[in-house]
There are 2 protein chains.
Amino acid sequence: MQLINPWSSQQYKDYAKLRDQFGIQEFKFDLPDAPPIFRRGVIFGHRGFEYIYRSIMKKEKFGVLTGLMPSGKMHFGHKMTIDQVAYYQRMGADVHIAVADIEAYASRGISLEKAKEIALEEYVPSYIALGLDPERTEVYFQSRRIEVKDIAWKLSRKVNLSEFLAIYGFSGETNMTHIFSPLIQVGDILHVQYEKFGGRRPIIVPVGVDQDPHMRLTRDIVDRWRMFSISPQDRGLGVFYKGEDVRKKLERAREMLKERGYKKFEMNIPYKALYILDAGKEDYLEVESTLISLEEEFNPNVFYPPAATYHRLMTGLTGGKMSSSIPESAIFLTDTPEEAKKKVRNAKTGGRATLEEQRKYGGEPLLGEWLEEFHERREWAKDFVKNVVSWD
Amino acid sequence: MQLINPWSSQQYKDYAKLRDQFGIQEFKFDLPDAPPIFRRGVIFGHRGFEYIYRSIMKKEKFGVLTGLMPSGKMHFGHKMTIDQVAYYQRMGADVHIAVADIEAYASRGISLEKAKEIALEEYVPSYIALGLDPERTEVYFQSRRIEVKDIAWKLSRKVNLSEFLAIYGFSGETNMTHIFSPLIQVGDILHVQYEKFGGRRPIIVPVGVDQDPHMRLTRDIVDRWRMFSISPQDRGLGVFYKGEDVRKKLERAREMLKERGYKKFEMNIPYKALYILDAGKEDYLEVESTLISLEEEFNPNVFYPPAATYHRLMTGLTGGKMSSSIPESAIFLTDTPEEAKKKVRNAKTGGRATLEEQRKYGGEPLLGEWLEEFHERREWAKDFVKNVVSWD
């Protein structure tokens with residue numbers, strides 16, 4: 001089985017195969033006013049997007065968490081993520097951006113000070129220039145947010161070393177900072193559901209498929225800390241509870257579900273089960289969200305399982321992955337239009353319709369105009385940096 | 001080779017052998033006004049105590065770091081540590097007490113709230129009753145001190161997984177919180193050398209030998225982050241530097257060493273070395289402390305290697321280790337004199353001089369009187385708890 005590695009620059013050829021291999025669902029949602037990226041198959045898969053779709057359609061609150069690795073320059077591959085984030089923001093989501101300074105330190109040895117500089121000079125103004133609303137976007141640093149680290153410590157009690165080695169392929173030579181850094185990402189993804197950052201609600205994390213290990217790990221951990229579970233029965237839905245005070249908790253669940261309009265219940269204390277006879281699969285999300293509200297009252301470690309969408313990794317100008325560490329592979333958002341033109345001219349393909357035209361005229365620098373506009377917006381955006389960055 | 005495990009209750013029979021096996025030095029310092037525990041062979045070994053001895057004799061600043069595991073009740077085994085801490089405090093040391101709430105959570109599943117309660121109800125008043133000066137003692141919680149976690153993250157970059165498995169014997173089933181918790185202890189031990197908590201200075205950590213793995217790990221990590229090293233030469237001491245700007249740094253070292261009175265130097269830039277020709281082994285500590293002051297100017301991760309003393313583990317009343325988790329093995333400091341008398345009477349040995357006397361009269365409850373006094377002092381001590389606990 002192929003191992004997906006968040007720290008490599010490998011390319012994936014067959015996304016459908018990858019999707020099936022890892023149990024990622026095909027993305028087939030018909031979203032209102034969605035940008036082209038949602039329609040062209042660039043977003044090829046998801047985990048748990050149903051919640052986000054429901055939030056968008058019902059205009060209920062949801063959030064977006066995205067991260068930036070302050071290790072190099074921003075390029076067109078990163079733009080894909082921000083296009084999605086901006087769309088969710090237009091649909092009502094609150095936006096949180098994690099500066100992965102601990103991860104940059106762990107995997108690349110970049111100091112926290114350098115990471116801060118890169119984030120504020122390179123990424124944040126570009127995000128705003130790309131269309132994020134600076135008034136409704138919050139940027140924070142992993143290293144400075146105590147809640148992120150606390151989740152990492154506490155929740156990792158239910159993951160063991162073997163699972164870590166299996167998910168990430170770490171070896172004996174891997175340093176301990178690196179080994180623990182995925183748990184910091186779990187903290188990033190989950191902490192935005194704390195009351196202080198917006199409360200329990202569905203969260204979407206748009207990622208490249210190389211980040212899937214973090215999503216699987218986070219969703220697994222959420223699952224392990226849950227005390228309620230639901231499963232479809234011959235008749236209706238079964239709600240199961242694995243904590244103390246079974247009767248009291250199930251009665252409270254019944255009461256809350258009644259308020260949502262369900263009427264027919266059967267309770268089985270020895271089975272720790274409450275059956276909702278007049279509910280079907282289509283009620284799953286509503287029942288689940290009711291149970292999460294209830295569990296929140298007594299379990300500080302309850303969270304909505306975070307949703308993820310997976311987009312294809314952008315092919316670089318040199319044929320491999322577009323990567324900051326291979327300058328000629330990427331158009332950086334801060335390249336001048338001239339630099340970008342030059343890169344495109346030297347690229348593996350330059351965008352002409354036929355090989356003949358390509359040979360005759362050279363690459364077509366389509367991006368030049370777009371970059372000119374982007375540079376203007378980026379200058380304008382710099383003023384907003386101070387509003388969106390959170391220091392605690 | 002026997003593995004010392006900080007989380008077990010195993011007993012060690014032959015301390016001299018253990019000492020030799022792990023490279024612990026024999027404790028042979030003649031300390032002024034030292035309590036009996038330093039003289040009776042109870043403290044059987046040390047690592048790096050020379051610095052502490054020097055600080056005591058020269059009346060230079062040094063600190064004590066000790067920890068408490070808020071998982072049970074305090075017994076006479078713990079008292080041994082506090083007797084030492086109180087002595088160092090009388091000799092001028094500042095005292096920091098770490099409440100190991102993250103470790104209690106990681107290894108025993110005790111919630112942070114419960115840990116707080118145990119620490120404040122059970123341990124802190126007892127510490128004061130045992131003679132710590134509440135005005136000059138600081139108690140903090142691992143989970144609430146961001147510097148402790150930051151050191152854990154950052155410095156663990158120079159330890160790899162294999163080393164961890166070798167030191168602690170973790171297996172695939174070990175949970176990730178547990179695996180990372182020793183690094184939190186590294187953070188505890190080192191963070192008190194940050195400016196905010198007293199600055200770079202020698203620190204003594206009095207421990208039972210079962211805690212030696214944490215001391216070895218911490219001292220190793222300190223060593224790996226150091227940029228200066230010293231080694232004795234045929235003539236004098238050699239100072240070596242492994243960072244950038246070799247000439248500049250060595251010239252600065254020479255300058256600082258001149259201020260301390262050394263006069264004869266030889267510099268060898270290709271060897272990255274500065275030889276102090278008029279220094280000998282007896283100057284090691286002074287030269288080293290000069291180099292630490294210098295390194296502090298440009299390396300945030302420089303620390304004095306922490307010193308440790310090792311005391312024998314107290315034999316329990318039932319013959320094994322005195323342990324909170326085996327109530328009949330220990331006299332708890334909060335046992336009433338009557339309870340303690342009863343335990344001693346039922347103990348494996350009751351303190352009579354001969355087997356005959358022991359059979360005839362039963363155990364001798366020598367501790368009763370002492371406990372009565374202790375209980376009075378403990379009540380008095382409760383008022384001081386609020387002064388010594390730090391919440392950040």
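Entry 1: terms and source. I noted that helices (H or I, at least four residues) and strands (E, at least two) are DSSP runs, numbered from the N terminus. The model is predicted, and I recorded that local features need pLDDT of at least 70, that side-chain atom pairs count only at pLDDT 80 or more, and that totals for chains, interfaces and linings use all residues. Residues are numbered from 1 along each chain as its sequence is written, chains are lettered from A and ligands numbered from 1 in the order in which they are written, and side-chain values use heavy atoms, with hydrogens and water left out.

Entry 2: chain A as a whole. I looked up the secondary structure and found 15 helices and twelve strands in chain A. I then looked up burial, where buried means under 20% relative accessible area, exposed over 50%, and partly exposed in between (1.4 Å probe, protein chains only). Of the 392 residues of chain A, 56% count as buried. For contacts, I took heavy atoms within 4.5 Å. Among the contacts in chain A with a separation of 6 or more, 73% are between residues 24 or more positions apart.

Entry 3: Gln193(A). I located Gln193(A) in the loop between α8 and β6 (203–208) of chain A. Is Gln193(A) buried or exposed? Gln193(A) counts as buried because its relative accessibility is 0%. Setting aside residues up to four places away in sequence, I found that Gln193(A) touches Gly199(A), Arg200(A), Arg201(A), Ile203(A), Phe303(A) and Tyr304(A). I also looked for polar contacts (a pair of N or O atoms within 3.5 Å; within protein, one must be able to donate a hydrogen and the other to accept it, and residues adjacent in sequence count only if both atoms are side-chain atoms). A polar atom of the Gln193(A) side chain lies 2.8 Å from the backbone nitrogen of Tyr304(A).

Entry 4: Asn175(A). I found Asn175(A) in the loop between α7 (161–168) and α8 (176–191) of chain A. Asn175(A) is buried, because its relative accessible area is 16%. Which backbone nitrogen does the side chain of Asn175(A) reach at 2.9 Å? It is that of His178(A); the side chain of Asn175(A) also reaches the backbone nitrogen of Thr177(A), at 3.0 Å. Apart from neighbours within four places in sequence, Asn175(A) is in contact with Ala106(A) and, in chain B, with Ser156(B), Arg157(B), Val159(B) and Asn160(B). I also noted that Asn175(A) and Ser107(A) are 68 residues apart in sequence and 9.2 Å apart in space, C-alpha to C-alpha.

Entry 5: Arg145(A). I placed Arg145(A) in the loop between β5 (137–141) and α6 (146–155) of chain A. Arg145(A) is buried, because its relative accessible area is 1%. Its side chain makes a polar contact with the side chain of Glu138(A), at 2.9 Å.

Entry 6: the loop between α2 and β3. I found Lys59(A) in the loop between α2 and β3 of chain A, and noted a positive phi of about 55° although Lys59(A) is not a glycine. Most residues other than glycine have a negative phi. Lys59(A) counts as exposed because its relative accessibility is 76%. In chain B, Lys59(B) is found in the loop between α2 (50–58) and β3 (63–68); its phi is near 55°, and its relative accessible area is 75%, so Lys59(B) is exposed. Glu60(A) also has its place in the loop between α2 (50–58) and β3 (63–68) of chain A. At 37% relative accessibility, Glu60(A) counts as partly exposed. Leaving aside neighbours within four places in sequence, Glu60(A) is in contact with Arg54(A) and Ser55(A).

Entry 7: α6 and α8 of chain B. Two packed helices are described by the angle between their axes and the distance between the axes. I took axes as lines fitted to C-alpha atoms, for helices over the stretch in contact, with angles from 0 to 180 degrees between N-to-C directions. The axes of α6 (residues 146–155) and α8 (residues 176–191) of chain B come within 7 Å and cross at roughly 115°. The residues making this contact include Ile151(B) and Trp153(B) of α6(B) and Phe180(B) and Leu183(B) of α8(B). I also noted that α6(B) is mostly covered, with seven of its ten residues buried; among them are Val148(B), Ala152(B) and Leu155(B).
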